[in-house]
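Please walk me through this structure.

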Amino acid sequence: MLSSIADGAPAGATSLACGFGERDGAQLLARLLTAALFLSLAPAAAHADTLADIKGRGAVVCGTASAVPGFSAIRQGDAWTGIGADYCRGLAAVIFNDPDKVQYVSLQPAERIAALTGGRVDVLADLMPWTLLGDTEQGVRFVATMFYDGQGFLAPKAAALRTARDLTGKAVCVEASSEAADNAAEYFDANNIGARLAPQPTPDEAIAAYAAGDCAAYAADLSVLAGVRAKLPTPADHVLLPDLISKKPLGVVVKAGDDRWFDVARWTVYGLLDAEELSVTQSNVDEMLGSDNISVRRLLGVEGDFGVEIGLNKDWAYQLIKGVGNYADVYDRNVGDQSPLKLPRGLNALWSRGGIQYSPPVR
Amino acid sequence: MAGFSRLHGRIVRALVVLLLALTLTPLAAPASASTLDTVRARGKLLCGSADPLPGFAQQNADGRWSGFDVDFCRAVAAAVFGDPDKVDFKPLSGSSRFALLQTGAVDLLARDAAWTMRRDSSYGASYVGASFFDGQGFLVHQSLNVVSAYELNKLRVCVLDGGDEVLNVRDFFFQNQAAYTEVLYEDREDLTVAYQAGRCDAVSANVSWLYAMKRALPDPASHLILPERISKDSFGPVVRDGDDQWFNIVKWTLFTLIDAEEVGVTAANIGSLAAAKTPAIRRMLGLEGTFGGGMGLEPDFMKNIIAGVGNYGEMFDRNFGPDTGVPLLRGQNALWTRGGLLFAPPVQ
């Protein structure tokens, strides 16, 4: 009997209205168990219901403390840009069919987690490094990796360095006493690369030293290096070496204790990735409504009613893609080819194209 | 009629009791109490899984369970108790697994069906992450002399009826302009028998199941799983909603297995790493920093996981490696640094 519950959609409370009189035993048992399971699930969701709060308020409240071009939410006139801002717009599209129903709250870095756990904001637009401590000691949940970051090297194109190995005998600018300095020292040591670290008191001084030609390379996270390059006088004269010497997955976070909101937040990311995999883009999404491909039809809500169980409309992913595009659209616009950062997809390519971005299917 | 009425009355009374029990149970146990406390008080972990599948979960003559999924349960037990043996493994037939997870009959599902939106967002349960990347493939007899699914043409393919598998096969052959004959079966056992009896030349299903089938065949080495994947599927541990601490414990057990392989900590070398200088290794062994407190675990929980079951690669080799006689390629289940998709956030 339970199989009907586990396989089908959980029945609504209407099951309770069925009388006991005329039903045969088997059907009655099924209905009672369905009702019991439904009731048993309800209390958990009652504690915190961010989605209901958002619907009542009429907007997603998105907190932002960092201002990393391309990655967090940055105000440009009336618009907000960045992967984080597009994610917030994506949530608004999924909930309200309108990507503009977002309110931004500027926060100090030190207060952003408290603002999230205290319910002042629904989600942070800042992409945060996903680590064990960050994931388990702050009362938040990492939703998914929006950008696989890691430490790399920026070098002048004219030097024609192929890999970090070519830094042997050369100076590498880095912020002193930083994680980047430790990583670089450890990497050079482990790989017997005779490069010399040239630590500078601040990131700005390290960048200035690199720009002045005091160093053969500048070491920092890719997300930082791309921003640094974009501000140099001639960005095209500088290249990112192919080496990635650390891993730093960056993700959005939501408050712990609200599984439904976590599901909405998680599947909004997966919807972006699934859309790219199925070649559904912001520009072709209307045309794709007529696709014969069963996976596309499920994603766009033409077939099935995926999303309804977590409080969304069945066309949530259509609204998402219409509003902000698929993952590639978001990536290219904010940090990729169409942005000043010009970051290659690298690890952030889909799993089917040499990267590791992967999502379960809408099914 | 009278007899039916009496029976009916008894059924209704029994059902009302059951209804109340089911309704109240989650309030009394999983929703409010911490699963970790419940597991600790019980003194062992209760781990559910889908039907037994050679390599993933199998029972020997003495009744002892082994397999990849069983090892994952043992890893969680090691994280909680420092002892991988404090676990009861329950293969759960049929599709009632989510209900049993929900009512607290098991603490987690090491393996269920493939991770989909429906399963992730309904039934009051969530996948913590992917522990096994799968996908639909093809199993053929070596005598067919093909090494790629793109060579399949003008042959009979056995496939399960009524699901996505048959749609995927149709789509694959249509895209490749290749001809084939569909041989449909309602259940996996009939399909296996049919393949063995030569009623089809190839079987198409999820690779994890093809692998289990191959392993159970009389002469596994004469069958070949072709490298192509025609669908995207992943499997992973599932926990019930409403307990972030438990979600984190199961998730970081998985991440620890993956991170340990990446930094090179193994069950074999863990005893000799006390003087290691690499920060990532020292953190994992509990020699540097304090990790686990936010989940209610001891700071040596990662060390206990690896000492108990090894890292992901060791777990994979033990259950699918050359020593099993039926080796399975790592493929997508290799680390991200080696061409696969396995990735875990760092222990920092």
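In chain A, strand S6 and strand S13 (residues 248-255) pair in the antiparallel sense, over two bridges. Two strands count as paired if DSSP finds at least two bridges between them. Strands (E, at least two residues) and helices (H or I, at least four) are DSSP runs, numbered from the N terminus. One contact shows the pairing: A:Met128 has A:Gly251 of S13(A) as its bridge partner.

A word on the source. This is a predicted model, in which local features need pLDDT of at least 70 and side-chain atom pairs count only at pLDDT 80 or more, while totals for chains, interfaces and linings use all residues. Residues are numbered from 1 along each chain as its sequence is written, chains are lettered from A and ligands numbered from 1 in the order in which they are written, and side-chain values use heavy atoms, with hydrogens and water left out.

Now widen the view to the sheet. Three strands of chain A form an open sheet in the order S6-S13-S7, with antiparallel pairing. Strand S6 (128-129) and strand S7 (140-149) of chain A stand at the edges. Each has a single partner strand, so one side of each is left without a neighbour in the sheet.

Next come the charged contacts. A salt bridge is a side-chain nitrogen of Lys or Arg within 4 Å of a carboxyl oxygen of Asp or Glu. By this rule there are 39 salt bridges over all chains.

What does B:Asp259 meet in a salt bridge? Its partner is A:Lys247, at 2.6 Å from N to O. B:Asp259 lies in helix H9 (residues 244-263) of chain B, and A:Lys247 in the loop between strand S12 (238-240) and S13 of chain A, so the pair joins two chains. Both B:Asp259 and A:Lys247 are buried. Buried means under 20% relative accessible area, exposed means over 50%, and partly exposed lies in between (1.4 Å probe, protein chains only).

The second pair stays within one helix. B:Arg74 and B:Asp71 meet in a salt bridge of 3.9 Å, N to O. Both lie in helix H3 (residues 68-81) of chain B, three residues apart, about one turn of the helix. B:Arg74 counts as buried at 15% relative accessibility. B:Asp71 is buried too, with a relative accessible area of 6%.

A:Arg162 forms a salt bridge with A:Asp166, and their closest N and O atoms are 3.4 Å apart. A:Arg162 is exposed, at a relative accessible area of 63%, whereas A:Asp166 is partly exposed, at 21%. Then the network: salt bridges link A:Asp86, A:Arg89, A:Asp100 and A:Arg333.

Turn to the backbone. Most residues other than glycine have a negative phi. A:Ala160 is not a glycine, yet its phi is positive, about 55°. A:Ala160 sits in the loop between strand S8 (151-156) and strand S9 (171-175) of chain A. A:Ala160 is exposed, with a relative accessible area of 56%. A:Lys342 also has a positive phi, near 50°. A:Lys342 lies in the segment after helix H14 (327-334) of chain A, and is partly exposed, with a relative accessible area of 44%.

Last, the open spaces. A pocket is an open set of points, on a 1 Å grid over the protein atoms alone, where a 1.4 Å probe fits, with protein on both sides within 12 Å along at least five of seven lines; lining residues have an atom within 4 Å of a point. A volume is the space filled by probe spheres set on the points, which are joined across faces, edges and corners.

The largest pocket holds about 1,600 Å³ of space. It is lined by 45 residues, and those closest to its centre are B:Ala113, B:Arg119, B:Leu160, B:Glu165 and B:Arg188. H8(B) gives the largest share of this lining, five residues.

The second largest pocket holds about 1,100 Å³. Of its 31 lining residues, the closest to the centre are A:Asn293, A:Ser295, B:Asn168, B:Asp171 and B:Ile230. The largest share, eight residues, comes from H6(B).
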